[in-house]
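Let's take a walk through a protein model together. Keep the picture open while you read.

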Amino acid sequence: MKNWITTTATALAIALGASVASAEEELVVYHWFEYIPQELLDKFTAETGIKVTMDTYDSNEAMLASLKAGGMGTYDVAVPGDYMVKIMTNEGMLDTIAEGELKNKGNIMEQWLDVPFDPGRKHSIPYQWGSTSFMVNRDVYKGDINTLAILFDPPAELSGKINMLDSQGEVMLLASLYLGIPQCSTDRAQLKALNDMLLKAKQHWASFNSDTAKEVLVSGDVAVGMIWNGFGAKAREEGANVEYAYPREGFNVWMDNVVLLKDAPHRANALKFMDFLLEPENMAAVTNYARYAAGVKGVEPYLDPVLATMPEQNPPEGAKGVFIEVCDEAVQKVYDQIWTNVKK
Amino acid sequence: MAGGGGTGGGVSASTYAGLRYWLLLPSWLVLGFIVLAPVGVMLIYSFLTKEFRGGVIWEFTLDAYDQFFFDRGLFGDEPPKIEWTYILIFWRSIWQAGAATLLALVIGFPTAYFIATRPERVRPIWVFLITIPYWVNLLIRTVSMKFLLRDQGPLNDFLIWTGLIDTPIHVINTDVAVQIGLFYSYLPFMVLPIYAAVERYDFALSEAAADLYATKWVALRRVLLPSVRPGVIAGCILVYVPSLGAFLAPDLLGGAKNFMIGSLIEEQFKGNAGNWPFGAAASMILLTMVMIILLLFARQQARAEREG
């Protein structure tokens, strides 16, 4: 009997000890698909002994929904876009990073330090920033591509060969820019026009897809693809004769950010991960992989030289990039209705 | 049954007679927990108020069902008209799933018949071969189907190479692609029950029919088919019901342009709209519909048995 008790106690102790130890050495990341090189995660594990588990999502909205449906308390960090950082802050989903908790906070570039969506960077650090526009296959269409009409009122040879990102925020922004109406407009006539224009434009679209946005351009399934600039650069580098457009009406500019989630089970590890990403060499590795731009000082020596002259990274003089605004509930309700009308 | 268990070691069914209900308890718990509880949660959610940006507020409302059946315009303040959007989505799903089931039946029945008529020794190998592709995840199989069907894909290349067509057939991102995808996703669910039924069928009956001057077609229709009917019906239900709620095929093969019920519901929970009560209401309406279809099947089956 005594023997039995000792064995059980030992087993329990081992089990408990093991679980405590593994809790110490874990980090659970909720991240966009294809957005961080595996080697970088391996490097983090090698340096800190922290094992990284990662789940992925394909839109800011999908990430928010999944966190609200019970993901809080599971993940330590997520990587929302600018407007989504603001939404998550309003929803009380983010933990505050106290002054001095991040030793590499000084590496953040000045212009990305005091941003409107997170003044003083209390909840987030910059990950990557870039733009959302579209690419056109130059074998199929040789005309002027720097207009949003390519997406919303395309020439005959492009009709039916367009893939849109399955992302309400970005589609609505580009549509508003095309019509020349403000974002989150409360004007009924303008909203009605937005709805009608999108319904008409849909007839020209082949599909809505985000995760295969690059692949359908490379394979030639579509001739026009709404896409993020870095993802689009990869499509070009994989051999597609595609050109990234900078529409005159404007295009979307965004910044993705690593945020510390409320109730993070491994808060200390999350901070270590943020510090790790703020090292110029590591952030440069992300940029080299994802083909966007870093918000960290001193990355230049580590960057792939191609990036400096990459057309997707270098908008022409006077190009107009616009951040997505967060609409209030009444307008968002109409946006949701329009989105349903478009996608039904 | 009662005698069968006795050979092992003197244990018979009567040994446990007094415990019968207690022994059923685990299965009731499992059923209650994994079947009834989630459906119950959905039922409750469908009557709750939508929270801005996903989630629910615990206030009773019929808004979700109202949204499903009534169209109040873009701004929600016009007098209600009948909302055709979602009825159309349901109708599309019924039609798409029906087409896929028909396709699965047309291909699956001869396949099952073929396997069942092989020598007993090799039948398991054929069944095994049918299931091999299904060891791979559904998502991967659907994406592969996308590669096969695309305009510059192997299927079109092959057809052009044979000279049957000179320009690629445009299938991807159409309803046909969705039907092919659904058919392919659930084909084994058609083949296996029919195979099980045909395997038990006594082929001497077909021979007897032939001796009595039945043509092959008549023998198939009047003798074989009625005998294997339960297998065929089971197969149809097993293909039809999951096809009805599928969202991978319409998303990946249909281009996510035309909602099916499954994609509509998915969008409410993880997509841009984030309207949980509405997603729950659509689920409940789908569930009710499936239940009615199954009840009609069961009633017809019972009637057929009474008459036969």
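Predicted model: local features only at pLDDT ≥ 70, side-chain atom pairs only at ≥ 80, totals over all residues.

Residues are numbered from 1 along each chain as its sequence is written, chains are lettered from A and ligands numbered from 1 in the order in which they are written, and side-chain values use heavy atoms, with hydrogens and water left out.

How many disulfides are there over all chains? Taking a disulfide as a pair of cysteine sulfur atoms within 2.5 Å, the count is one. Its partners are A:C184 and A:C327, with 2.1 Å from S to S. These two sit 143 residues apart, so to speak in distant parts of the chain: A:C184 is in the loop between α6 (168-179) and α7 (188-202) of chain A, and A:C327 is in the loop between β10 (321-322) and α13 (329-343) of chain A. Helices here are DSSP runs of H or I with at least four residues, strands are runs of E with at least two, and both are numbered from the N terminus. The link is left-handed, with -80 degrees about the S-S bond. Are its ends buried or exposed? A:C184 counts as buried because its relative accessibility is 14%, and A:C327 counts as buried at 7%. Buried means under 20% relative accessible area, exposed over 50%, and partly exposed in between (1.4 Å probe, protein chains only).

Now look at where the chains meet. Contact (heavy atoms within 4.5 Å) takes in 32 residues from chain B and 42 residues from chain A. Between chain B and chain A there are five salt bridges, each a side-chain nitrogen of Lys or Arg within 4 Å of a carboxyl oxygen of Asp or Glu. One of them joins B:R150 to A:D221, at 3.0 Å from N to O. On the side of chain B that touches chain A, two or more residues each come from α4 (85-116), α6 (138-149), α11 (248-252) and α12 (261-270) of chain B. The largest share, four residues, belongs to α4(B).

Finally, find A:S133 in strand β4 (residues 124-137) of chain A. A:S133 counts as buried because its relative accessible area is 0%. Leaving out residues up to four places away in sequence, A:S133 touches A:G225, A:M226, A:I227, A:Y244, A:A245, A:P247 and A:F251.
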